[in-house]
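Thank you for making time this morning.

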Amino acid sequence: GTNSLHGSLFEFFRNEKLDAKNYFAGAITPPYKLNQFGGSVGGPIQKDKNFFFADYEALRLRQGITYASTVPTLAMRSGNFAGLATIFDPTSTVTDPATGKTTRVPFAGNQIPVNRMDSTAKNVINLYPLPTTSGLTNNFTLSPVKSQRDDTFDTKIDHIFNERNQFFGRYSFNDTNSYKPGQLPKID
């Protein structure tokens, strides 16, 4: 500690208007807001005997994260798997008594008939979002917002009894809240 009051303040920021655009984000520029700020102050409580120091730092982050995920295509949702690996009818399993080999009959045109699609499977597939591109893989792009909030502060008190005997007490606090969304939209 010193017998004069000292302090500091700072601010650091970034945002999407100052940064390059993510190539994979498509036409939309995801948000990016970063603020880091704080300050400190220290000085005497009683000249040459008691001193204090305190600081505070905060971080606020809101960042769009671009994900490319794979979801069922519109054709797959209706049971059409043409051009992909062969889809076999699970009810057509036949075992050849002579060889013991099991075979199944493929669905005609690699298309599962609508009346053969399980109602639970239909409900599950409808939980997936619709594709945003026509590809088979990485056909869904999403830019949800990740957020983080940090708050930190410290306090310190020093007391000087004499040149050989000193005492100090310190308290520090840190609180962080973070949210990182997944690669597919949240189902409500």
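Predicted model: local features only at pLDDT ≥ 70, side-chain atom pairs only at ≥ 80, totals over all residues.

Residues are numbered from 1 along each chain as its sequence is written, and side-chain values use heavy atoms, with hydrogens and water left out.

Let me start with charges. Side chains of opposite charge can pair when their charged atoms come close. A search of the whole structure finds 7 salt bridges, where a salt bridge is a side-chain nitrogen of Lys or Arg within 4 Å of a carboxyl oxygen of Asp or Glu. One of them joins the side chains of Arg116 and Asp89, with 2.6 Å from N to O. This pair links distant parts of the chain, since Arg116 sits in the loop between β6 and α2 and Asp89 in the loop between α1 and β5, 27 residues apart. The helices (H or I, at least four residues) and strands (E, at least two) are DSSP runs, numbered from the N terminus. Arg116 counts as partly exposed because its relative accessibility is 37%, whereas Asp89, at 12%, counts as buried; here buried means under 20% relative accessible area, exposed over 50%, and partly exposed in between, with a 1.4 Å probe and protein chains only.

A second salt bridge is formed by the side chains of Arg60 and Asp151, at 3.0 Å from N to O. Arg60 lies in strand β3 (residues 50-64) and Asp151 in strand β8, so the pair ties together parts that are 91 residues apart in sequence.

Ser92 is found in the loop between α1 (74-77) and β5 (94-95), and with 15% relative accessibility it counts as buried.

Moving to nonpolar residues, the largest nonpolar core has 5 residues in all, namely Met76, Phe81, Phe107, Ile112 and Met117; such a core is a set of buried Ala, Val, Leu, Ile, Met, Phe, Trp, Tyr and Cys residues joined through side-chain atoms within 4.5 Å.

Phe153, by contrast, lies in strand β8 (residues 145-160) and counts as partly exposed because its relative accessibility is 31%.

Finally, where are the two asparagines that have a positive phi? Asn110, with a phi of about 60° although it is not a glycine, is found in the loop between β6 (102-103) and α2 (119-125), and at 9% relative accessibility it counts as buried. Asn138 has a positive phi of about 45°, and its place is in the loop between α2 and β7 (140-142); with a relative accessible area of 47%, Asn138 is partly exposed.
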